[in-house]
Protein chains: 2
Amino acid sequence: MSAPVRIGVIGLGTVGQGVVRLLKNNAAEITRRVGRPVVVTDAATRTPGRARDCNLDGVQMWDDAGRLVREADVDIVVELIGGTGVARELTLAAIARGKPLVTANKALLAEAGNEIFAAAADADGVIGFEAAVAGGIPIIKAIREGLAGNVIDGIAGIINGTCNYILTQMALRGQSFTDALADAQRLGYAEADPTFDVEGVDAAHKLAILAALAFGMPLAFDDIAIEGITAVTPQDIEIAQVFGYRIKLLGIAKRGGDGVELRVHPTLIPDDTLLAKVDGVLNAVVVHGNAVGEVGFYGRGAGGDATASAVVADILDIARALSAEARHSVPALAFQPDALRPLPVISIRDAQSAFYLRLRVADEPGVLSQITAILAAHEISVEAILQREPRGGEDATIALITSVIAEHRFGDALEEMQKLPFVRSGAMRLRVEKFD
Amino acid sequence: MSAPVRIGVIGLGTVGQGVVRLLKNNAAEITRRVGRPVVVTDAATRTPGRARDCNLDGVQMWDDAGRLVREADVDIVVELIGGTGVARELTLAAIARGKPLVTANKALLAEAGNEIFAAAADADGVIGFEAAVAGGIPIIKAIREGLAGNVIDGIAGIINGTCNYILTQMALRGQSFTDALADAQRLGYAEADPTFDVEGVDAAHKLAILAALAFGMPLAFDDIAIEGITAVTPQDIEIAQVFGYRIKLLGIAKRGGDGVELRVHPTLIPDDTLLAKVDGVLNAVVVHGNAVGEVGFYGRGAGGDATASAVVADILDIARALSAEARHSVPALAFQPDALRPLPVISIRDAQSAFYLRLRVADEPGVLSQITAILAAHEISVEAILQREPRGGEDATIALITSVIAEHRFGDALEEMQKLPFVRSGAMRLRVEKFD
């Protein structure tokens with residue numbers, strides 16, 4: 001086993017705790033992916049005494065983040081304090097010291113990114129910022145690498161979960177902006193001062209980053225036209241629905257004329273598009289490439305664990321690059337070749353799911369009760385049932401959805417049903433999955 | 001400018017032509033991303049005389065693919081002939097010669113992947129196969145890198161466009177399986193012999209690859225329980241809708257008990273999930289990670305250009321790795337630092353879109369005609385309009401959606417409208433985007 005990759009985390013708020021937790025909880029799999037353990041060895045916080053939802057045993061604590069950056073014996077620095085003041089200094093200091101840096105700080109990159117990326121290029125430095133846009137959705141990597149063969153024509157995204165939650169509540173419950181905002185604050189989906197979110201500034205920070213990646217241009221936050229959602233009324237949302245639209249706060253970057261359009265504003269989008277169906281705090285980004293056409297991504301745009309997922313993805317990219325020559329930095333099958341493990345594949349007969357069953361039956365009394373009696377005898381409950389009278393022919397149809405059960409148990413019940421004299425041949429059985 | 005990365009393409013069918021076209025058409029941007037040109041220098045085909053939709057000027061043509069693999073002076077070999085016979089030999093030959101290989105061949109990887117990946121690991125070789133699953137969606141990279149911090153709990157995917165098209169047509173038009181299949185064949189969405197698609201084998205090939213990446217297990221195609229869509233009837237689809245479900249062919253891989261479940265079958269899923277709304281030939285994959293929660297991806301799962309997008313993404317990953325040390329193989333902002341170009345940001349006043357307008361107006365005759373007259377005078381047409389009588393108060397509401405127009409022209413018309421004596425203050429104006 002090679003030596004661990006040592007991580008220094010600056011900031012132990014929601015995301016910082018998530019990163020510590022994730023690297024610890026998933027350590028075994030991460031080692032199998034990277035080929036080396038990846039361990040938080042150092043952390044800096046201004047509130048060392050605060051109770052935290054992560055295990056800091058064995059972690060060297062620093063109360064001066066600047067000293068951690070300048071002195072700690074770490075391989076990668078992770079900046080999670082946010083803001084554009086101290087964070088900027090720490091970032092530039094990490095670059096100057098030659099430490100690869102991972103950040104979730106969209107405000108910093110949008111506003112000082114040109115300075116920071118230039119400093120990194122000069123100093124031969126590495127910066128990961130997957131977590132800066134759309135939380136856990138790996139959208140930075142998708143645009144930078146997964147769609148790299150395309151000329152990107154445009155991007156449209158729901159990239160502020162606070163606004164999407166508020167607009168969704170206004171649509172579903174007819175709430176006013178003010179009431180929906182208050183609910184969002186109560187649930188922790190909006191800050192006490194929600195200005196950056198509801199005025200569209202946070203979405204514009206993210207859009208500046210996406211546009212740079214898509215078009216190969218410097219960060220142009222100051223050129224983005226920004227309009228927030230505070231003026232949207234329930235009446236507008238309702239009329240939009242009458243017209244066949246939903247209202248979403250979108251960040252839009254697209255080529256046009258001899259330049260690009262960069263704008264953030266509440267937008268009516270047709271209600272049959274997938275983007276229109278992304279509700280609540282979810283984020284979603286649609287990218288249009290000249291070869292791939294439209295590709296869409298959705299997932300949690302905020303929250304400690306989802307954002308930590310993106311931070312750790314960057315950490316692991318860098319850890320792999322520190323550990324191997326370029327062509328082998330990512331193993332073909334995601335895990336190191338010697339870390340692949342056969343897993344028992346569970347027989348489909350033991351796989352649990354709900355079942356849909358459709359039977360053709362003679363149209364006579366007592367049919368339903370005998371069928372449901374068999375199900376009950378096998379301890380299978382019925383979630384939904386439909387019986388239809390014969391149409392034209394002489395047979396009736398019974399269709400039902402069961403509770404979740406192993407296939408072999410359902411199969412036993414079905415076999416009994418098929419022996420009933422009034423059940424015709426040709427039963428149809430399909431699985432039902434609910435992903436919850 | 002550094003020397004070009006030289007690509008040898010084996011197979012010039014739909015995807016092969018797409019790759020040649022893409023590398024040529026997007027050459028300028030690709031060079032800015034990679035830092036070196038990436039050029040198809042060699043190609044092999046069994047039908048050299050056939051007319052093709054790509055420019056092969058300057059490409060060395062080989063009629064013996066084996067000779068191209070063994071002898072051509074290329075940096076990367078791209079295998080696009082499909083099948084598991086010759087393709088397997090060519091793949092192993094490329095690995096033996098130490099050439100990085102890119103393939104879209106899911107059947108080969110699902111059935112011979114354990115042999116191929118082991119050979120690659122032994123020979124220090126590189127294999128890219130983003131195009132093998134879900135066409136243009138960068139799902140391999142997302143699971144392998146973007147979600148690498150997660151323990152993956154499960155994956156569910158619509159990963160066969162032919163089946164999804166057929167099931168969608170059956171749902172929308174009440175067609176039988178046979179009729180929908182015939183339509184799909186006529187449109188080129190299904191092969192003359194559709195067995196591999198409609199029986200679920202193709203989806204199982206892809207699922208075997210996804211499961212290996214997600215769980216760090218060898219490819220286990222033979223252990224997948226497979227059920228196709230041929231027995232699904234319009235009646236089942238209709239009853240499922242009554243119950244609140246859609247029927248999709250899903251590939252499902254999830255942890256359960258002390259192993260994994262691997263299965264492909266038509267599945268009822270709740271109609272309010274995003275997966276249920278992915279229609280036609282689109283593919284979609286939902287991944288559940290223990291940190292990120294649910295992340296979803298959708299896009300074109302087949303077609304020359306979309307699949308070429310994924311092939312080229314792999315080519316560029318390898319090209320970048322050949323050109324730089326690991327930590328710099330991918331530039332932070334997607335393009336090489338010296339290739340960033342400022343782009344003029346078009347003023348929001350010149351940005352084109354449709355507009356939603358809501359006005360409060362006095363409830364008197366002639367209002368609508370004067371407003372529409374102003375729009376007509378500015379050559380703005382009205383796509384939808386709604387007028388509502390006063391509710392409680394004394395003002396009526398007019399809401400409308402315009403044709404696509406530059407903001408400043410819409411603004412001029414709005415200014416005139418606001419001067420009308422019967423128009424109250426507080427007009428609401430929002431943009432409408434249709435993404436078509």
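1. Against which elements of chain A do the buried residues of α1(A) pack? The buried residues of this helix pack against β1 (5-10), α2 (27-34), β2 (38-44) and α12 (304-323) of chain A, where packing rests on contact, meaning heavy atoms within 4.5 Å. The residues concerned are Gly16(A), Gln17(A), Gly18(A), Val19(A), Val20(A), Leu22(A) and Leu23(A), with buried meaning under 20% relative accessible area, exposed over 50% and partly exposed in between (1.4 Å probe, protein chains only). Helix α1 itself covers residues 14-25 of chain A, and its 12 residues reach 16 Å from the first C-alpha to the last, close to the 16 Å expected at 1.5 Å a residue, the expected span being 1.5 Å times one less than the number of residues.

2. On the basis of the note: this is a predicted model, in which local features need pLDDT of at least 70 and side-chain atom pairs count only at pLDDT 80 or more, while totals for chains, interfaces and linings use all residues. Residues are numbered from 1 along each chain as its sequence is written, chains are lettered from A and ligands numbered from 1 in the order in which they are written, and side-chain values use heavy atoms, with hydrogens and water left out.

3. Turning to chain A as a whole, there are 14 helices and 17 strands, taken as DSSP runs numbered from the N terminus (helices H or I, at least four residues; strands E, at least two). The C-alpha atoms of the chain fill a box of roughly 85 × 60 × 50 Å along the principal axes, and of its 436 residues 60% count as buried. Among contacts between residues at least 6 apart in sequence, 71% join residues at least 24 apart.

4. Chain A is divided into domain 1 (5-135 + 306-339), domain 2 (139-300) and domain 3 (352-432), with bounds that come from an automatic or database domain assignment. The centres of domain 2 and domain 3 of chain A, taken over C-alpha atoms, are separated by 46 Å.

5. Strand β15 of chain A deserves a separate point. Thr402(A) is found in this strand and is buried, with a relative accessible area of 0%. Leaving aside neighbours within four places in sequence, Thr402(A) is in contact with Ala354(A), Phe355(A), Ile380(A), Ser381(A), Val382(A), Glu383(A) and Phe410(A). Asp395(A) and Arg360(A) meet through their side chains in a salt bridge (2.6 Å, N to O), a term that requires a side-chain nitrogen of Lys or Arg within 4 Å of a carboxyl oxygen of Asp or Glu. Asp395(A) lies in strand β15 (residues 395-402) and Arg360(A) in strand β13 (residues 352-362), so the pair ties together parts that are 35 residues apart in sequence. Asp395(A) is buried at 18% relative accessible area, whereas Arg360(A) is partly exposed at 36%.

6. In chain B, the side chains of Glu115(B) and Arg88(B) meet in a salt bridge at 2.9 Å, N to O. This pair links distant parts of the chain, with Glu115(B) in helix α5 (residues 106-122) and Arg88(B) in helix α4 (residues 86-96), 27 residues apart. Glu115(B) is partly exposed at 37% relative accessible area, and Arg88(B) is partly exposed at 29%.

7. What area do the two chains bury between them? Chain B and chain A bury about 11,400 Å², 62% of it on carbon and sulfur atoms, buried area being the accessible area (1.4 Å probe) that two parts lose on being put together, summed over both. In chain B, Leu274(B), Tyr298(B) and Arg327(B) lose the most area to chain A, together 7% of what that side buries. The contact involves 139 residues of chain B and 139 residues of chain A.

8. Over all chains the count comes to 56 salt bridges, and between chain B and chain A it is 14. One pair joins Asp236(B) to Arg358(A) (2.4 Å, N to O). Glu29(A) forms another salt bridge with Arg255(B), with the closest N and O atoms 3.1 Å apart; this pair crosses from helix α2 of chain A to strand β9 (residues 245-256) of chain B. Glu29(A) counts as buried at 10% relative accessibility, while Arg255(B) counts as partly exposed at 30%. A network of salt bridges links Lys141(A), Arg144(A), Glu145(A), Asp317(A), Lys141(B), Arg144(B), Glu145(B) and Asp317(B).
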